[in-house]
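Please read the following briefing alongside the sequence and the coordinates.

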Amino acid sequence: MAAKHSLNQYFRDQLTLFIFVSVLFVVGVVFGAIMVNALSLEQKQEIGRYLSSFYRSVDEGASVDGKQSLIAAFSLHMKWILLIWTLGLSVIGLPLILVLDFLKGVLIGFSVGFMAGQLSWKGIAFALVSIAPPNLIVIPAILICSVVSIGFSLFIIKNRLLRRSGTLYQPFMRYSFTTLFMGGCMLAASVMEAYLSPVMMRWVTPMLAAFAN
């Protein structure tokens with residue numbers, strides 16, 4: 001109970017930082033969506049051809065190796081949060097964590113913005129079934145990892161660089177445990193991405209047949 005209370009108190013203390021990181025992510029989403037308008041006609045056509053091929057393969061029931069998809073998705077998500085964890089161990093990695101959060105927002109904003117721009121509400125529907133479900137877990141996990149990483153970096157600055165006091169053991173264990181727990185959340189998101197999203201995408205792809213042909 002004491003550990004749980006301490007953890008809850010920690011996240012309450014980091015609420016301002018969490019809001020800041022969340023706003024930075026949202027700014028990245030908006031920036032990514034705006035970037036779609038900066039693409040040339042040739043670039044839009046090239047991406048459109050790739051998407052049309054993808055829609056067609058999904059609509060035709062192309063087989064997907066769920067195990068391989070799970071491994072690939074989990075590997076990608078874990079690399080992301082482990083990179084954030086590693087950056088949090090050093091003071092110079094702090095600004096890079098913020099860059100990663102912004103970049104994640106840009107990637108999602110660009111993906112959704114392009115599909116919405118090319119296919120209107122059909123593109124939004126496809127984004128909702130393909131991008132949204134796993135990211136409902138992935139995004140909070142990344143933001144939480146970022147907050148605890150930045151918090152740990154600030155702790156090092158305050159208690160090791162500015163003044164030598166306190167112990168690193170408890171903050172480090174809390175930092176690592178949170179990252180490990182988020183890794184478990186990433187596994188759940190990867191399972192959803194590998195097995196649930198393909199099924200949901202098959203519900204929507206028939207509406208995209210005209211675009212794919």
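Buried means under 20% relative accessible area, exposed means over 50%, and partly exposed lies in between, with a 1.4 Å probe and protein chains only. The model is predicted, so local features need pLDDT of at least 70 and side-chain atom pairs count only at pLDDT 80 or more, whereas totals for chains, interfaces and linings use all residues. Residues are numbered from 1 along each chain as its sequence is written, and side-chain values use heavy atoms, with hydrogens and water left out.

**Aromatic rings**

- The structure holds 6 aromatic pairs, where rings of Phe, Tyr and Trp (its six-membered ring) pair if their centres lie within 6.5 Å, and planes under 30 degrees apart count as stacked, over 60 as edge-to-face and the rest as tilted.
- Phe31 and Phe102 form a tilted pair because their ring centres are 5.7 Å apart and their planes stand at 45 degrees; this pair links distant parts of the chain, with Phe31 in helix H2 and Phe102 in helix H5, 71 residues apart.
- Phe31 is partly exposed at 42% relative accessibility, and Phe102 is also partly exposed, at 26%.
- The pair of Trp85 and Phe172 is tilted as well, at 6.3 Å centre to centre and 55 degrees between the planes, and it joins helix H4 to helix H8 across 87 residues.
- Phe172 counts as partly exposed because its relative accessibility is 30%, and Trp85, at 22%, is partly exposed too.
- Trp85, Phe152, Phe172 and Tyr175 form one aromatic cluster.

**Nonpolar cores**

- A nonpolar core is a set of buried Ala, Val, Leu, Ile, Met, Phe, Trp, Tyr and Cys residues joined through side-chain atoms within 4.5 Å; in the largest one, of 24 residues, Val21, Ile81, Ile84, Ile142, Ile150 and Met186 touch the most other members.
- Helices H2 (15-35), H4 (66-88), H5, H7 (132-162) and H8 (169-204) each supply at least two residues of this core, and the largest share, 8 residues, comes from H7; helices here are DSSP runs (H or I, at least four residues) numbered from the N terminus.
- Another core, of 13 residues, lies apart from it and includes Val36, Leu39, Ala125 and Ile131.

**Contact of H5 with H6**

- The axes of helix H5 (residues 94-119) and helix H6 (residues 121-130) come within 6 Å and cross at roughly 145 degrees, the axes being lines fitted to C-alpha atoms over the stretch in contact, with angles running from 0 to 180 degrees between N-to-C directions.
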